[in-house]
Amino acid sequence: MGEKLIISIDGKACACEKGEYLLQVARRNGIFIPSLCNHEGLEGLGACRLCIVEVTRGGRTQTVVSCIYPVEAEIEVQTQTNSIVEQRSVIVALLARLAPQSQTIAQMAKFMGADLPRLAERPGGDKCILCGLCVVACEQVGTGAIAKVNRGVEKEIATPYHRPSAECIGCTACANVCPTGQIEYQQDEQGVTIWGRYFDYVACAACGKQFATAAAWEFSALSSASEAASVGVGADAGADAGAGAGAGAGAIGQGRTGVVADADALPAPPLCPECQRQQVAEWLASSSGRYGNVRVAMKELAGE
Ligand code: SF4
Ligand code: SF4
Ligand code: FES
């Protein structure tokens, strides 16, 4: 655990750990700072600039971007000074012109009293503010199916050559993190369409619930098998454990994204996260007499 600090945000004493990002500390303490390109669980990007605040440290005051500002000392923070409010209204006006079809940003601009008519709209502008959060989410998933393409006013988020991507697994993480609703997807009972591709859902073999696309399940199962292989858990071990590392894991080759390429090595049957957890818990409970702890069990499974 990191060093504890007490900082002041708008006069409120807030406890945090050294290195924690200022926006997170404010949120945890119920202090609202406007933001668009920040999502819990993903690194701050500092792209939209809406989360600016004033920080005073050692008698010196500066404007910082709170989602990428790590707290290193006992600072004083002001989130609503006249200067900050004015700067934010200019920023939101620029964002509104960059993404003229975004209702979210239009409402924020209205709320912040932004002066929109002075600025020209981005030609062909949609709802995208080009923050890159969707790209980061996709990278985090491990697929890297989308990217920023083109330059200048042509810049946009897309799959390669705007074609349905073979890398995409239809997980919808990109759409779910997008702050403006730019990335759309359509669901029906059997699956989901996103980025121009249709993905079938897969049902859990234990509870029957449709819990992911088949492509996302395969990707996650094969990635787990690959990880198991890289830490030395043998082919039979995963099958014995029934914990996700499938037969053949030790022999599977890696693809470009680290995804294993041998489709025959897919673990079966598909299980939703809840049923997987339950299965692992049951396995650990039934093994508790044989194994003193999980580490010993894993070593035995790996044949060490
Ligand atoms: S739906 Fe496709 S593009 Fe979006 S995060 Fe998942 S893999 Fe990436
Ligand atoms: S699609 Fe959404 S998340 Fe992706 S860059 Fe545009 S606004 Fe940001
Ligand atoms: S939320 Fe901090 S820059 Fe966008």
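Reader: Which residues touch the most other members of the largest nonpolar core?
Author: This is a predicted model. Its largest nonpolar core holds 64 residues. Those touching the most other members are Leu22, Val92, Leu95, Cys134 and Cys174.

Reader: Which residues is leucine 22 in contact with, leaving aside its neighbours within four places in sequence?
Author: Leucine 22 is among the core members that touch the most others. Set aside the neighbours within four places in sequence. The contacts of leucine 22 are then Val53, Ser66, Tyr69, Val71 and Val77.

Reader: How many helices and strands are there, and what share of the residues is buried?
Author: The protein has nine helices and 11 strands. It has 304 residues. Of these, the buried share is 33%.

Reader: What share of the contacts with a separation of 6 or more joins residues 24 or more positions apart?
Author: Take the contacts in the protein with a separation of 6 or more. Residues 24 or more positions apart account for 51%.

Reader: Is isoleucine 52 buried or exposed?
Author: Isoleucine 52 sits in strand 3, residues 52-57. Burial needs 20 or more other C-beta atoms within 10 Å. Isoleucine 52 has 22 such atoms within 10 Å, so it counts as buried.

Reader: Why do the buried residues of helix 4 line one face of the helix, and how wide is their arc?
Author: Helix 4 spans residues 133-141, and its buried residues are Leu133, Cys134, Ala137, Cys138 and Val141. Seen down the helix axis, they line one face because they fall within an arc of 135 degrees.

Reader: What covers the buried residues of helix 4?
Author: Cys134 and Cys138 are among these buried residues. The cover includes two elements, strand 7 (156-158) and helix 5 (173-177).

Reader: Which residue just after helix 4 takes a positive phi?
Author: The phi in question is about 110 degrees. The residue is glycine 142.

Reader: Which element supplies the largest share of the shell around ligand 1?
Author: Ligand 1 is surrounded by 15 residues, the closest being Cys138, Ala145, Cys168, Cys171 and Cys174. The shell divides into 12 nonpolar, three polar and no charged residues. Helix 4 and helix 5 each supply at least two residues. The largest share, three residues, comes from helix 4.

Reader: Which residues come nearest to ligand 2?
Author: Around ligand 2 there are 13 residues. They divide into 10 nonpolar, three polar and no charged. Nearest come Cys128, Cys131, Cys134, Cys178 and Gln182.

Reader: What is the bridge partner of serine 8 in strand 5?
Author: Strand 1 also runs parallel to strand 5 (residues 76-78), joined by two bridges. In strand 5, serine 8 has as its partner glutamate 76.

Key. Residues numbered from 1 in each chain as written. Chains lettered and ligands numbered in written order. Predicted model: local features only at pLDDT ≥ 70, side-chain atom pairs only at ≥ 80, totals over all residues. Helix = DSSP H or I, 4+ residues; strand = E, 2+ residues; numbered from the N terminus. Buried ≥ 20, exposed ≤ 12 C-beta atoms within 10 Å, placed from the backbone. Contact = placed C-beta atoms within 7 Å. Arc of directions from axis to C-beta. Core = buried A, V, L, I, M, F, W, Y, C linked by C-beta atoms within 7 Å. Near = placed C-beta within 6 Å. Nonpolar A, V, L, I, M, F, W, Y, C, P; charged D, E, K, R; others polar. Pairing = 2+ DSSP bridges.
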